[in-house]
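Hello,

Here is the structure I promised to pass on. Please open it first, then read the notes below alongside it.

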Amino acid sequence: MIRLGIVALESTHVDAFCRIFNSDPSEPTRLEGATVVALCNQDNAPERVAQLQEQWRIEIVVGEPRDLPGMVDAALICSRDGSQHLRQAEPFLEEGLPVFVDKPFALDLDDANDMIALALDSGAPLM
């Protein structure tokens, strides 16, 4: 089972990913083989975090992306703020972990190139 961590919780895409990976196995939209096991709260209301934890049975919550490697096998970066994506993806890419970066990938070309370079250097899949 692939353990997923989600970084930044403000997007409704977080809810969609949790539904896809953590819903009941009888749910037709469930995708087997991975589970969201950890959340990285980037300044979201405690109520939002508690709702996600309760609804999708997620126990681990950390405050910084660098706290997740070792707890997860891959990361989903879901921040709406593309200027944060390099900083949020960096700890995973440096460890060679697969990373999905939600749109926008980056807000400037240097950040995009830096993420790609990190992925190439470590062999980490980056999408």
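Phe 17 and Phe 100 are both buried. Please keep in mind that this is a predicted model. The two rings form an aromatic pair, edge-to-face, with 5.5 Å from centre to centre and 75° between the planes. A search of the whole structure turns up one aromatic pair. This pair joins distant parts of the chain: Phe 17 sits in helix H1, Phe 100 sits in strand E5 (residues 99-101), and 83 residues separate them.

Next, Val 99. It also belongs to strand E5. Val 99 has a relative accessible area of 4%, which is under 20%, so it counts as buried. What does Val 99 touch, apart from neighbours within four places in sequence? Its contacts are Ala 75, Ile 77, Ala 89, Phe 92, Leu 93, Pro 125, Leu 126 and Met 127.

Three of those names, Ala 89, Phe 92 and Leu 93, are among the buried residues of H3. Helix H3 covers residues 85-94 and is mostly covered, with seven of its ten residues buried. Which elements do the covering? They include strand E1 (2-7), strand E4 (74-77), E5 and helix H4 (109-122). Just past the end of H3, Gly 96 has a positive phi of about 80°.

Now the helix pairs.

H3 and H4: their axes come within 9 Å and cross at roughly 5°. H3 is therefore roughly parallel to H4. From H3, the residues in contact are His 85, Leu 86, Ala 89, Glu 90, Leu 93 and Glu 94. From H4, they are Asp 111, Asp 114, Met 115, Leu 118, Ala 119 and Ser 122. By class, this contact has six nonpolar, two polar and four charged residues.

H1 and H2: the axes of H1 (residues 12-22) and H2 (residues 46-56) come within 11 Å, crossing at roughly 15°. That angle is under 35 degrees, so these two helices also count as roughly parallel. Their crossing is right-handed. H1 brings Val 14, Asp 15, Cys 18, Arg 19 and Asn 22 to the contact. H2 brings Arg 48, Gln 51, Leu 52 and Trp 56. The classes here are four nonpolar, two polar and three charged.

Last, some backbone points to check on your screen. Most residues other than glycine have a negative phi, and most peptide bonds are trans.

- Ala 8 is not glycine, yet its phi is positive, near 75°. It is found in the loop between E1 and H1. Is Ala 8 buried or exposed? Its relative accessible area is 0%, so Ala 8 is buried.
- Asp 43 also has a positive phi without being glycine, near 70°. Its place is the loop between strand E2 (34-40) and H2. With 80% relative accessibility, which is over 50%, Asp 43 counts as exposed.
- The peptide bond from Lys 103 to Pro 104 is cis, with omega near -10°. Pro 104 lies in the loop between E5 and H4.

One distance to finish: Val 99 and Ala 8 lie 91 residues apart in sequence and 14 Å apart in space, C-alpha to C-alpha.

Best wishes

Terms used: Residues are numbered from 1 along each chain as its sequence is written. This is a predicted model: local features need pLDDT of at least 70, side-chain atom pairs count only at pLDDT 80 or more; totals for chains, interfaces and linings use all residues. Side-chain values use heavy atoms; hydrogens and water are left out. Axes are lines fitted to C-alpha atoms, for helices over the stretch in contact, and angles run from 0 to 180 degrees between N-to-C directions. Helices (H or I, at least four residues) and strands (E, at least two) are DSSP runs, numbered from the N terminus. Angles under 35 degrees count as roughly parallel, over 145 as roughly antiparallel, 65 to 115 as roughly perpendicular and the rest as oblique. A crossing is left-handed if the near helix is turned anticlockwise from the far one by less than a right angle, and right-handed if clockwise. Contact means heavy atoms within 4.5 Å. Ala, Val, Leu, Ile, Met, Phe, Trp, Tyr, Cys and Pro count as nonpolar, Asp, Glu, Lys and Arg as charged, and the others, Gly among them, as polar. Rings of Phe, Tyr and Trp (its six-membered ring) pair if their centres lie within 6.5 Å; planes under 30 degrees apart count as stacked, over 60 as edge-to-face and the rest as tilted. Buried means under 20% relative accessible area, exposed over 50%, partly exposed in between (1.4 Å probe, protein chains only).
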